[in-house]
Amino acid sequence: MLEFVELKITNFGPYKDTQVIKFDKGVTIIWGDNGRGKTILLNAFRYALLGIVKERSKQKKNNLISLCNWENIEQGIYEFSVQLSFKYNGEPYELRRKFQLRPGIVEPKSDNDFEEEVFLQKSNSIVSQNELRQQLTKIMPEQVSRFFLFDGELLSEYEDLLDNNRAISSKIKDSIEKILGVPILINALNDVNAEYEKINKQYLKIANKNESNSQIIGALESANVKLSHLQRSYNLYTKEKETEIQRKKIIEVELSRTERVRAQIENKNKLLQEINSNEERRIQLQATLKEYSKDAWLVLLNPIVKEKLLMIDKEIKSLEHKQYKEANITNEIKKLSQAIHSNLCPTCHRDLEEENKLEINNKIKLLKETVIEFTDSEKSRLEYLQRNKTILRAQEVQNIKELINNLNSQIDDLTVKIIDSKGKVNEINQSIGKPDQYETIANLNNDHAIIINNIRVLDDTITRIDRDIAETNSNINILTKKIDNTRIDNELQNILTLKESVLSLRDLFKDGISIYRDKLREKVQLDASMLFRRISHEKDFVDLVINDNYGLNILYRDGKENVNRSAGYEHIIAISLIGALQQNAPLSGPIVMDSPFGRLDEVHSKNISAALGSLSHQVILLAYEGEIDVQFARHTLGSGLSNEYKLERISGKHTKIVEFREKT
Amino acid sequence: MADIVNIGLYPTAHTTASNLLDRFDTLIDVAKYAFAFAVKNKVQIIPVDISSTESKKTVWNVGSVDPDGYMVSLIGIIFNNTHEPYKQIEFLINAGLLRIHEMIESDPKFDIFSLL
């Protein structure tokens, strides 16, 4: 059992100089507002125990620089240390880790510019550097640290345990089995397997001496070689599948992260297509319009030309009338003159009497008096007007006004659409930025489909190899039996007996692991359910059921599983699981939780604080006052609340750890 | 005095005509449209200010602008004037374009074919 006694942190993040936190059994609450350094404190525990710090930002490269005290950095001091005093199985330990600049480095550029010193003292003796890592791994293996040091983000990973396809679920499952002690049995099984291989080799060697067996032995050796190849291939493809599942997960995260950007890129491409098609259509319409607009000037002149033509027509008519009249009278005079001259009546063709002649002469005289001469000038004018009329008529065009206006308005509409679409494209460009990443983002769906296909192919391959392994194993069994049935001498008999014993032992361990796993799952389910019922205030949720990965599902009163649990319940289940694991694990230690109530409502926060004492013998809670009520925590935990500290702001770069609990 | 043999556009008229090339095929098409507009609206009512000191930006041979002589005839018919017709045509083209320029200036959404 691991138990913290004291943590001394020196110049670590905002914690300037040396600051001390003491721990007793029970719950220690460290209160701190956002930005005071709660997560850094969790990191200090992690660093002390495991020698690693969890990066908050994936982009942060120089992690160690950011862990040096922020005020010291301004003075060019780059070093920090953490000293943890603890008891392990009753023995006192003191662990000190320190990072400082390598000799010759004044201002670090990267983590490589730092060097680390680690000291471990057990009781009164210093543990050698060789044994140090081994000791620390025994006390707190990194793989199980997730059950002792965690924040809200880590808790949310437990949701993945319900999904068999996620790589993280298998990782957490391994961690859970590790904390529950399953690897001890697995290691034993591996040892038995190794022993079996050794005995099998001896057995084959002895059996080979028997000539009659040599052919079967040859076949058996080939089968064993084949089995070994198949197992290697199986491991290789399984590993490859795990890598692909990991890649799939990364792409799925990326797909989800870039969902909005991808939708915008898709929308942008649609808009760009629209712009192109509208621009092409506009060019076509413009070409047609340009053909018509060549004659637009004539259309514009139409009214004035028409008006002029009317005037010309009128004048031409008047002139022509005068010309016609003059020609008629002149013609009449000519005809009458000819009658007198020929002495013949122009109508009846009889000889004219004197009386008739007189009458005709009078008529001629009267006509001559009536006739108005059509002058040369009038004749020229008429010709001029007729010429103009022809000119104007020649340029008359059909009324293409409507056609032009129609084309023009279609072009205007398209122009508005194009400008509108371009505006939207600009908005999208400004919104999504970084055009160099578009292609990568756009390819995500394609990559995802490829990976799913790869996983399917790998699954098929693994199934096929698995089948071949079973077949080869069965073949080996048949061959072995054949050898066994042949004449055997004492030496062979002895090794055969040994082989059978090891095989029995192997089966025993296999069954043992399976039974132990089932029992563990049963116990974890039972304890997690009890804890869950204490925390949950939903009366319809009566139990938790466990799956192969130790993922827990909520069971309704009617026996059905809740498939759509909330983020808050996700949290409660994770805490219930951690509590249950602590109760069933051979390895137990203090739990350090950073802001664990972020997703929980008031009732659940209170229920969890009330249940804190049952999670572990030592619980260290990093919380802000709004997350959980101070008075309620004190009242509920009562004597279970052993210490309280507050992270007090000295400046934006300096936090002081002060004792907070009001002494009663 | 002999008539001109080349017809040109003054700078503002040239810019205005160039800006209309999305609706007309050539500058000559725009020039003729402006000429017709000036004729239709009777040149005297168009307030024009063509500075003779400005150099012409685009110059065409009269045969390019009026290949069949219709514009010259029209000047004669409409204005009863046959004295230096190409000078008049040039004036009317530039005057028409300046008026169009003013209309575009006062209304950026001005539609050139609304004159029809």
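Trainee: How many strands form the open sheet in chain A, and in what order?
Mentor: In this predicted model, the open sheet of chain A is formed by 3 strands in the order 9-10-11, and their pairing is antiparallel. Strand 9 (541-546) and strand 11 (561-562) of chain A are the edge strands, each of them pairing on one side only.

Trainee: And how many bridges join strand 9 of chain A to strand 10?
Mentor: There are 5 bridges between strand 9 of chain A and strand 10 (residues 552-556) of chain A, and the two run antiparallel. As one example of residues facing each other, Leu544(A) stands opposite Ile554(A), which belongs to strand 10 of chain A.

Trainee: Which helix packs on the sheet?
Mentor: That is helix 16 (residues 490-535) of chain A, which touches strand 9 and strand 10 of chain A, and whose direction makes about 155° with that of strand 9 of chain A.

Trainee: Switching to chain B, at what angle do helix 2 and helix 5 pack?
Mentor: Helix 2 (residues 27-40) and helix 5 (residues 85-106) of chain B pack at about 90°, their axes being 7 Å apart, so helix 2 of chain B is roughly perpendicular to helix 5 of chain B.

Trainee: What kinds of residues make that contact between helix 2 and helix 5 of chain B?
Mentor: The contact has 12 nonpolar residues, 1 polar and no charged; among them are Phe35(B) in helix 2 of chain B and Leu92(B) in helix 5 of chain B.

Trainee: Last one: is Leu204(A) buried or partly exposed?
Mentor: Leu204(A), in helix 7 (residues 182-209) of chain A, is partly exposed, because 17 other C-beta atoms lie within 10 Å. Beyond its neighbours within four places in sequence, Leu204(A) is in contact with Ile217(A), Leu220(A) and Glu221(A).

Key. Residues are numbered from 1 along each chain as its sequence is written. Chains are lettered from A and ligands numbered from 1 in the order in which they are written. This is a predicted model: local features need pLDDT of at least 70, side-chain atom pairs count only at pLDDT 80 or more; totals for chains, interfaces and linings use all residues. Axes are lines fitted to C-alpha atoms, for helices over the stretch in contact, and angles run from 0 to 180 degrees between N-to-C directions. Helices (H or I, at least four residues) and strands (E, at least two) are DSSP runs, numbered from the N terminus. Angles under 35 degrees count as roughly parallel, over 145 as roughly antiparallel, 65 to 115 as roughly perpendicular and the rest as oblique. Two residues are in contact if their C-beta atoms, placed from the backbone, lie within 7 Å. Ala, Val, Leu, Ile, Met, Phe, Trp, Tyr, Cys and Pro count as nonpolar, Asp, Glu, Lys and Arg as charged, and the others, Gly among them, as polar. Two strands pair if DSSP finds at least two bridges between them. A residue is buried if 20 or more other C-beta atoms lie within 10 Å of its own, exposed if 12 or fewer, and partly exposed in between; C-beta atoms are placed from the backbone.
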